Amino acid sequence: MIQTLLQYLQYPFVRYALIVGVLIALCSSLLGVTLVLKRFSFIGDGLSHVAFGAMTIATVLGISNEMLLVLPITVLSAVLLLSAGQRAAVKGDAAIAMVSVGALAFGYLLMNIFSTSSNLSGDVCSTLFGSTSILTLTVREVVLSIVLSVLVVAAFLLFYHKIFAVTFDETFAQATGTNARLYNLIIAVIIAVIIVLAMNLVGSLLISALVIFPALSAMRVHKTFLSVTICSAVLSVACALAGMLISILGGTPVGSTIVAVDALAFGIFTLIGRIKGGISHA
Amino acid sequence: MALLTIQDLTLGYDNRILAEHVSFSVHEGDYLCIVGENGSGKSTLMRTMLGLQPPMAGQILFGEGLKSSHIGYLPQQTPVQRDFPASVREIVLSGCQGRCGLRPFYTAEEKALARRNMERMGVLPLQDRCYRELSGGQQQRVLLARALCATGKILLLDEPVSGLDPQATAEMYAVLKSLHREGVTLIMISHDIAAALPYATHILHMGARAFFGTREEYLDSAVGRRFTQREVEL
Ligand SMILES: Nc1ncnc2c1ncn2[C@@H]1O[C@H](COP(=O)(O)OP(=O)(O)O)[C@@H](O)[C@H]1O
Ligand SMILES: [Mg+2]
């Protein structure tokens, strides 16, 4: 088995996939806690559908580096969705549901009308579930992914305490002189970047799982924001690595394998949390 | 000059007016208790004073070097916080965030300030504990310590004892009393007027017939007599 693995590692595309996969897993785990606790998870879901719609537009237009179109559209939608949630013209989650389902339908429609490919459902499937795109990255895409990941991690470290303050108690933060609106915006933009990145790894339907599972698992066991953040980052990277290796060796689809490993880890952490809780209560 | 002067404020949302002609002032060392029926706009008044929403009309003036961001605030608890993974220290320290500006980390002074305030509120031994595992009374004291990190001057408290058991309620009032003695100006919303009245120096009664005055004036006034009498009868 090790032999086969080493053999695969000789291929550059496998190495690219592992590097980018690890970086994406790291980034996507960072804002998981914030997403879960701020009830932002539905924004993440909505944005991933927007990203899908944008991807189909890029495909139809024949843009070679799709991220250049998908990224701005997704970031813009994140900003719009967030401000829609704050003004109450259309209730926040209704707006998100509209945008998210709309983008999905629109994207599929576009693909249907304009696609020249003979394997339409295969194309749609791989955009939704990311079945192979991680293994077909070009050098340009790898570099772009690395740059974006570094930016996401840097922004997170720079704004860590502010993200904490705004996530824990937005009202208090705003009242005592923290610009909560600005940091909400920054959080939304980071989420959008993460989603565009993660689309390569797991496809747009499974992104939420990648973002939320590690955070939920870490929250079962750890009690402070710092330890939850670190634990979910480590866990996410470990699960992504394990998932990718399994899928390379077993020929399973990358995205769903990673999410399955994440789900398994969640089960294990829940169990550990129960046992620890049981001991401390006794 | 007063710390805070509220002039002819109109409160409400969109087109709905909750209260009109609200005027009062708060001086250093006051302990103002805001009472009134549910839905009379007490929380709205506090949110407006904090600049979280604009007044529909009227003015809020800050005096004696007070800046709007130098007000400590104890909000009504939101469900999000109930299961938030955070240690007591992390939460108290976040009270210093307003002073940080764009600086990404806390200074040694800010950490010392957080420590002092945890000590003051008696939660220093709990500093590594998880917030969600504390009792209701302990949680409120943690949030008080956080508010004190934002300011040493004036605290706004929105129903600080709601949901606490009788003993924790009594402890909370004692903590507030000692803060008041140390010179912190307090503005507190309470629906349990009988319990809050003994500590307050001033009363603002929100409602159709608003009232503002000292505690003694309130007890003598018609609206105050009706309200307190009813409490006694209950
Ligand atoms: N964000 C909001 N938008 C519209 N109406 C609101 C909002 N928040 C509160 N209200 C309404 O304003 C009224 C007063 O609320 P509030 O100030 O919380 O009263 P109190 O704290 O005195 O019980 C309530 O009827 C409530 O439904
Ligand atoms: Mg209220």
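1. E110(B) is buried, with a relative accessible area of 6%. In this predicted model, the residue takes part in a salt bridge with R103(B), and the closest N and O atoms of the pair are 3.1 Å apart. R103(B) is partly exposed, at a relative accessible area of 24%.

2. A second salt bridge of chain B is formed by R120(B) and E182(B), with 3.0 Å between the closest N and O atoms. The pair links distant parts of the chain, since its members are 62 residues apart. R120(B) belongs to helix α5 (residues 108-120) of chain B, whereas E182(B) sits in the loop between α7 (166-181) and β7 (185-189).

3. Which residue of chain B forms a salt bridge with D169(A)? The partner is R146(B), and the closest N and O atoms lie 2.9 Å apart. D169(A) is placed in the loop between α9 (160-168) and α10 (170-175) of chain A, and R146(B) in helix α6 (residues 136-150) of chain B, so this pair joins two chains. Both D169(A) and R146(B) are buried. Over all chains, a search of the whole structure finds seven salt bridges; the bridges described above are among them.

4. The overall form of chain B may be considered next. The chain has 10 helices and nine strands. Its radius of gyration is 18 Å, close to the 17 Å that the globule rule gives for 234 residues, so chain B is as compact as a globular protein of that length. Taken along the principal axes, the box filled by the C-alpha atoms of chain B is roughly 50 × 40 × 35 Å.

5. Of the 234 residues in chain B, 53% are buried. When contacts in chain B between residues at least 6 apart in sequence are considered, 66% of them join residues at least 24 apart. The chain exposes about 10,500 Å², of which carbon and sulfur atoms supply 50%.

6. How many positive and negative side chains does chain B have? There are 24 positive and 25 negative side chains in chain B, and the centres of the two sets are 4 Å apart.

7. Six of its eight residues are buried, so the helix is largely enclosed by the rest of the structure. The buried residues of α1(B) are K42(B), T44(B), L45(B), M46(B), T48(B) and M49(B). An α-helix has 3.6 residues a turn, so residues three or four places apart point the same way. After α1(B) comes G51(B), which has a positive phi, near 80°.

8. Positive phi values also occur in chain B at residues that are not glycine. H21(B) is one of these, with a phi of about 55°. H21(B) lies in strand β2 (residues 16-26) of chain B and, at 58% relative accessibility, counts as exposed. E159(B) likewise has a positive phi, near 45°. Its place is in the loop between β6 (154-158) and α7 of chain B. Is E159(B) buried or exposed? At 11% relative accessibility, E159(B) counts as buried.

9. In chain A, R15(A) is found in helix α2 (residues 12-30). R15(A) counts as partly exposed, at 42% relative accessibility. Apart from neighbours within four places in sequence, R15(A) is in contact with L9(A) and Q10(A). R15(A) and L135(A) are 120 residues apart in sequence, and their C-alpha atoms are 9.2 Å apart in space.

10. I113(A) is located in helix α6 (residues 92-114) of chain A. At 56% relative accessibility, I113(A) counts as exposed. I113(A) and K276(A) are 163 residues apart in sequence, with a C-alpha to C-alpha distance of 55 Å.

Conventions:
Residues are numbered from 1 along each chain as its sequence is written. Chains are lettered from A and ligands numbered from 1 in the order in which they are written. This is a predicted model: local features need pLDDT of at least 70, side-chain atom pairs count only at pLDDT 80 or more; totals for chains, interfaces and linings use all residues. Side-chain values use heavy atoms; hydrogens and water are left out. Helices (H or I, at least four residues) and strands (E, at least two) are DSSP runs, numbered from the N terminus. The radius of gyration is taken over C-alpha atoms; the globule rule is 2.2 Å times the number of residues to the power 0.38. Buried means under 20% relative accessible area, exposed over 50%, partly exposed in between (1.4 Å probe, protein chains only). Contact means heavy atoms within 4.5 Å. Accessible areas come from the Shrake-Rupley method with a 1.4 Å probe; for residues, only the protein chains shown count as cover. Lys and Arg count as positive and Asp and Glu as negative; His and the chain ends are not counted. The place of a charge is taken as NZ of Lys, CZ of Arg, CG of Asp or CD of Glu. A salt bridge is a side-chain nitrogen of Lys or Arg within 4 Å of a carboxyl oxygen of Asp or Glu.
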